[in-house]
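Here is a short briefing for a reader new to this structure. Start with the sheet, then move to the helix across it and the pocket.

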Amino acid sequence: MDERIVSLKAQFEADLSKIENVADLEGIRVSYLGKKGSITDLLKGMKDLSNEEKKAFGQDVNILKNEATNRIAEKMQELKEKEIEKEINSMPSFDVSMPASLDRGSYHPITLVQRQCEAVFRSMGFNVEDYSEVVTDYECFEALNIPKHHPARDMQDTYYLENGQLLKSHTSAAQNAIYKKYKDALINDGTPIKAIFPGRCFRNEATDACHENTFFQMEGVMVDKDISISNLIFFMKTMLSEVFRKDINVRLRPGFFPFVEPGFELDISCLICGGEGCPSCKHSGWLELCPCGMIHPEVLKAGGIDPEEYTGFAFGLGLTRLAMMKYGVKDIRDLNGGSLKSLSQFTDDE
Ligand code: DAH
């Protein structure tokens, strides 16, 4: 190898070993590799050599050039690490033997699922409404086409107050108030009614792994001109696919509820087997999730909306059931038990 290359290499290494900061390193880079740098100069001097010599010399200079570039990059890394270390060492020290504070709370799994559903529906233009837990018989039943002594009331026995009011047995109890709140905007300005209302519901139930006297639902309604079952399917599919973070298939089966006509049970493809059949879905490939339907004309009328002109869909999503499915909770009583040990396993996975 040409002597000039050997000595320049040695000089470069000697200079590099003295560098202690990034600014000086940049100086070295310019003085060796810059346009007027010593390595670049070597290449310029090649013109006086024979063709044979040029080839060997050129190759060696290029090797040196690459080596120098790599060494500078390595040194840069080394200097940066040293700077970080220096910064860490200059921070105030703390007592590692102090016990960590571990009493940070976590959200309840139902809150997590509720917030996810709310976020998805909000993004699709739905308002999120809050509603009372104590309601009138009219709101909970009569306005929903369930007159006194109707057999549909049997399944929704709840807790009555002495003044005749009751703890709502389903979130459908808020429907009437929602229609009344938004009907003027619908009729006068053509603004569709799009609302969801999550809430706590109560029923006189004997409790077991699947039943509780207190549980959560999320009702949703959409009313406008020409709303059809396809709109219902679209919104449900979008929401469920977001919540479960995978493409969810849905199917509708006929179901009876006095406040919808036609009424359906909406099933989703089994989350465990994806629809092939397994013990979780009783080998059917489907899980029953959400009753729904097209709002009954009488219910629209009770809310001050003309059923000849407007149609809508409603659904009553079981939030408690959804949370159990999403987090694999097998016994509903674990959710209301208040045991922090089981509930603190759930953190927001957003
Ligand atoms: N409120 C019903 C219940 O709790 C569920 C329901 C069924 C809600 C059909 C709806 C619906 O909005 O369209 O049993």
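An open sheet of 7 strands runs in the order 1-4-5-9-8-7-6, with mixed pairing. Strand 1 (127-128) and strand 6 (250-254) stand at its edges, each with a single partner strand, so one side of each has no neighbour in the sheet. The model is predicted.

**Strand pairing**
- Strand 5 covers residues 214-224, and strand 9 covers residues 311-318.
- V221 stands opposite A314 in strand 9.

**Helix across the sheet**
- Helix 7 spans residues 175-189.
- Helix 7 lies across strand 1, strand 4 (193-202), strand 5, strand 8 (286-295) and strand 9.
- Relative to strand 4, helix 7 runs at about 165°.

**Largest pocket**
- The volume of the largest pocket is about 1,600 Å³.
- Its lining counts 47 residues.
- Nearest the centre of the largest pocket lie C210, E288, L289, G318 and R321.
- By class, the lining of the largest pocket has 26 nonpolar, 12 polar and 9 charged residues.

**Where the lining comes from**
- Strand 5, strand 7 (260-269), strand 8, strand 9 and helix 10 (319-327) each supply at least two residues of the lining of the largest pocket.
- Which strand gives the largest share of that lining? Strand 8 does, with 7 residues.

Definitions and conventions:
Residues are numbered from 1 along each chain as its sequence is written. This is a predicted model: local features need pLDDT of at least 70, side-chain atom pairs count only at pLDDT 80 or more; totals for chains, interfaces and linings use all residues. Side-chain values use heavy atoms; hydrogens and water are left out. Two strands pair if DSSP finds at least two bridges between them. Helices (H or I, at least four residues) and strands (E, at least two) are DSSP runs, numbered from the N terminus. Contact means heavy atoms within 4.5 Å. Axes are lines fitted to C-alpha atoms, for helices over the stretch in contact, and angles run from 0 to 180 degrees between N-to-C directions. On a 1 Å grid over the protein atoms alone, a cavity is a set of points where a 1.4 Å probe fits but cannot get out, and a pocket is an open set with protein on both sides within 12 Å along at least five of seven lines; lining residues have an atom within 4 Å of a point. Grid points are joined across faces, edges and corners, and a volume is the space filled by probe spheres set on the points. Ala, Val, Leu, Ile, Met, Phe, Trp, Tyr, Cys and Pro count as nonpolar, Asp, Glu, Lys and Arg as charged, and the others, Gly among them, as polar.
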